[in-house]
Amino acid sequence: MWARRGPLAWALRPLSALYRALAARQRQAYAAGRRPIERPAVPVVVVGNWIVGGAGKTPTLLALLQRLQAWGWRAGVVSRGYGRRSQGVRVAGPGSTADELGDEPLLIHRRSGVPLAVGQDRGEAARALLAAHPDIQILLSDDGLQHHRLARDLSILVFDGRGLGNGWLLPAGPLRQDHTPPPLPGSRAAQLVLYSEGQASTALPGFVAQRRLAGALPLADWWGGPPQPLVPLTELRGRRLLAAAGLARPQAFFEMLRAAGLDIEPLPLPDHFGFEQLPWQGDAELLLTEKDAAKLPPERLARGQRAWVLPLDLQPEPAFDAALLQHLQPLLGPAPNGPTPDRTAGLPPVQGPAATQP
């Protein structure tokens with residue numbers, strides 16, 4: 001329905017007008033000072049998308065963290081922690097679970113190793129994280145474009161192949177916002193646009209990136225600690241494989257697996273599926289996204305059942321790295337490891353040299 005302006009979308013247009021009015025009212029409350037805006041002591045980069053559903057936001061955030069680490073800056077992440085069962089603010093630690101943090105924040109923390117805090121109030125989460133890790137130099141806000149409580153210095157807008165859909169606001173269309181408003185007090189208007197599926201899908205000028213499956217890792221190794229060498233996907237060809245995906249768009253994951261030459265039985269699951277009950281029977285080998293692996297400790301599997309976790313990497317074009325540096329260096333000073341905006345190519349993939357193209 002959200003891909004076109006059909007009868008149902010037209011019928012929902014009055015509700016979109018109500019959505020716009022409520023969003024404008026909330027924003028005006030921040031602009032007028034009736035709601036406080038948190039301005040952390042370090043720069044804030046917000047990573048998010050205008051459109052509902054997975055657009056590649058988490059792989060983008062991981063790619064940004066990898067670049068910040070390679071350039072020598074110490075980063076932290078704040079997130080709402082969607083789907084968690086805990087309350088208040090939680091700072092990630094060695095024993096954190098998806099119930100405490102949410103599946104995507106736990107994935108980000110385990111994959112990158114950076115400090116992370118979750119809280120419905122991202123300003124409060126930022127304060128707690130900086131108090132626990134005072135060496136942090138820059139904060140990344142996960143999925144915070146429409147969260148005005150936290151001032152930002154740079155916004156990264158992520159789009160996939162759907163672009164803007166039918167161009168209408170919720171619920172008549174898929175958009176959370178319909179334009180880039182002026183910056184609120186304490187924030188900057190700077191933004192970069194990144195297209196996560198290799199080509200531009202809106203009229204907004206931006207940069208392209210390629211998503212790929214980096215390889216496979218046994219579920220027990222994924223939970224075991226530091227990243228292990230990945231198994232090339234070619235080694236999984238010819239096996240009986242059940243691919244489970246609790247994503248907003250599970251079909252995209254299945255298509256990538258088939259493109260890698262794997263013969264799979266797809267098992268689409270609701271987004272943020274909790275795995276309270278295992279949704280499969282039999283002894284087929286499992287293929288899981290990292291988002292699902294974060295909620296499935298290996299001891300939950302049947303004895304002898306094998307499960308593979310398939311990390312998803314995103315590689316922006318070199319021009320994006322140069323643009324990112326141009327925005328960050330005035331805020332942070334020269335990068336400790338010496339990159340310059342005209343010398344940013346050749347960064348290693350997030351999972352290191354073992355990452356392989358399927």
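Which residue lies over the face of Trp 168, and at what distance from the ring centre? That's Arg 13, at 4.2 Å from the ring centre. Keep in mind that this is a predicted model: local features need pLDDT of at least 70, side-chain atom pairs count only at pLDDT 80 or more, and totals for chains, interfaces and linings use all residues. Residues are numbered from 1 along each chain as its sequence is written, and side-chain values use heavy atoms, with hydrogens and water left out.

**The whole chain**

- The protein chain has ten helices and 14 strands; these are DSSP runs numbered from the N terminus, with helices (H or I) of at least four residues and strands (E) of at least two.
- Its radius of gyration is 20 Å, close to the 21 Å that the globule rule gives for 358 residues, so the chain is as compact as a globular protein of that length. (The radius is taken over C-alpha atoms, and the rule is 2.2 Å times the number of residues to the power 0.38.)
- Along the principal axes, the C-alpha atoms fill a box of roughly 60 × 55 × 40 Å.
- Of the 358 residues, 49% are buried. Buried means under 20% relative accessible area, exposed means over 50%, and partly exposed is in between (1.4 Å probe, protein chains only).
- Take contacts between residues at least 6 apart in sequence: 71% of them join residues at least 24 apart. A contact here means heavy atoms within 4.5 Å.

**Rings and charges**

- A search of the whole structure turns up nine aromatic pairs. Rings of Phe, Tyr and Trp (its six-membered ring) pair if their centres lie within 6.5 Å; planes under 30 degrees apart are stacked, over 60 edge-to-face, and the rest tilted.
- Trp 10 and Trp 168 have ring centres 4.7 Å apart and planes at 80°, so they make an edge-to-face pair.
- Trp 10 sits in helix H1 (residues 7-11) and Trp 168 in the loop between strand E6 (154-159) and strand E7 (191-195), so the pair ties together parts that are 158 residues apart in sequence.
- Trp 10 is exposed, at 51% relative accessible area, while Trp 168 is buried, at 5%.
- Phe 273 and Phe 275 are another edge-to-face pair, 5.0 Å centre to centre with 85° between the planes. Phe 275 is buried, with a relative accessible area of 0%.
- One aromatic cluster is formed by Trp 50, Phe 159 and Tyr 195.
- Over the face of Trp 222 you'll find Arg 110, at 5.4 Å from the ring centre. To count as a charge over a ring, NZ of Lys or CZ of Arg must be within 6 Å of the ring centre and within 35 degrees of the ring normal.

**Around Ser 201**

- Ser 201 is in the loop between E7 and strand E8 (207-213), and is partly exposed at 24% relative accessible area.
- Leaving aside neighbours within four places in sequence, Ser 201 touches Phe 159, Asp 160, Gly 161, Gly 163, Leu 164 and Tyr 195.
- Leu 184 is 17 residues from Ser 201 along the chain, and their C-alpha atoms are separated by 28 Å.

**Helix H5**

- Nine of the ten residues of H5 (residues 103-112) are buried, so this helix is largely enclosed by the rest of the structure.
- Among those buried residues are Leu 106, Leu 107, Ile 108 and His 109.
- Just after H5 comes Gly 113, with a positive phi of about 80°.
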